[in-house]
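Colleague: I would like a close look at one part of this protein. Please walk me through it in one go.

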Amino acid sequence: MGDLFLKRRENWLVWITWGAVGCLICHYLLSYVSNAWFSLTSPAFLLMVLTAWMNFNKRFDFFAALKIFMVVASISVIPLLAKKVSSWEKVIHIAVDSGALFLCIVLVSVICALLARRPKQYY
C-alpha cells in the first residue's frame, strides 16, 4: 500500500544545494555566452535531470514536485536576474525580462512536475 497516510517532510537543504549548483553553472555559462537567454539552458537541463530522478523514485506528487522545481529554478536563475538588473537600461525592460523569466520558470516547472509525479494508485 505504500505510504498511504504517512506524510514525508522534505529535506529543503538538499534542494537548495541543487539550486546553488544550478546557480554556479548558470553563472559560468553566462560568463562564456554572449546571449544571456542562452544561459537558461543550464537550469532547464538541471530540472530535467531532477525530473528523471523523481520519476525513477516515484515518491513525489505533483504539488510537492512543483514546489521543489520552483525553488531549484528560482535559485538557479539568480545570475541571469543579476545581469539583467545591473544593466539598468530602462525599468520597463527589466520588468518585461523579469516577467518573461518568471513565466519560463513556471512553464518549465509545471512541465517537469507533470513528468515527475507518481502514477495514480488504485486500491
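What follows is a look at T51 and its surroundings. Which residues is T51 in contact with, leaving aside its neighbours within four places in sequence? Is T51 buried or exposed?

Modeller: Keep in mind that this is a predicted model. Start with the place of T51: helix α2, residues 41-57. T51 has a relative accessibility of 5%. The cut-off for buried is under 20%, so T51 counts as buried.

Now the contacts. Neighbours within four places in sequence are left aside here. T51 then touches F69, C112, L115 and A116.

Take F69 next. F69 belongs to helix α3 and is buried there. Other buried residues of α3 include A64, A65, L66 and I68. V72, A73 and S76 are buried in α3 too. The helix itself runs over residues 62-76. Its 15 residues should span 21 Å at 1.5 Å a residue, and the end C-alpha atoms are 21 Å apart, so the two values agree.

Then C112, another contact of T51. C112 has 0% relative accessibility, so it counts as buried. C104 is another cysteine to check. C104 has 35% relative accessibility and therefore counts as partly exposed. A disulfide is a covalent bond between the sulfur atoms of two cysteines. The structure holds zero disulfides.

For contrast, turn to the surface. V14, W18, V21 and I25 form a nonpolar patch there. Together they have about 300 Å² of accessible area. I25 lies in helix α1, residues 12-32. At 42% relative accessibility, I25 counts as partly exposed, whereas T51 counts as buried.

Terms used. Residues numbered from 1 in each chain as written. Predicted model: local features only at pLDDT ≥ 70, side-chain atom pairs only at ≥ 80, totals over all residues. Heavy atoms only, no water. Helix = DSSP H or I, 4+ residues; strand = E, 2+ residues; numbered from the N terminus. Expected span 1.5 Å × (residues − 1). Buried < 20%, exposed > 50% of the residue type's maximum accessible area, 1.4 Å probe, protein only. Disulfide = S-S within 2.5 Å. Contact = heavy atoms within 4.5 Å. Patch = residues over 30% accessible without salt bridge, like charges linked within 9 Å, V, L, I, M, F, W, Y side chains within 5 Å. Areas by Shrake-Rupley, 256 points an atom, 1.4 Å probe, with all protein chains shown as cover. Salt bridge = Lys/Arg side-chain N within 4 Å of Asp/Glu carboxyl O.
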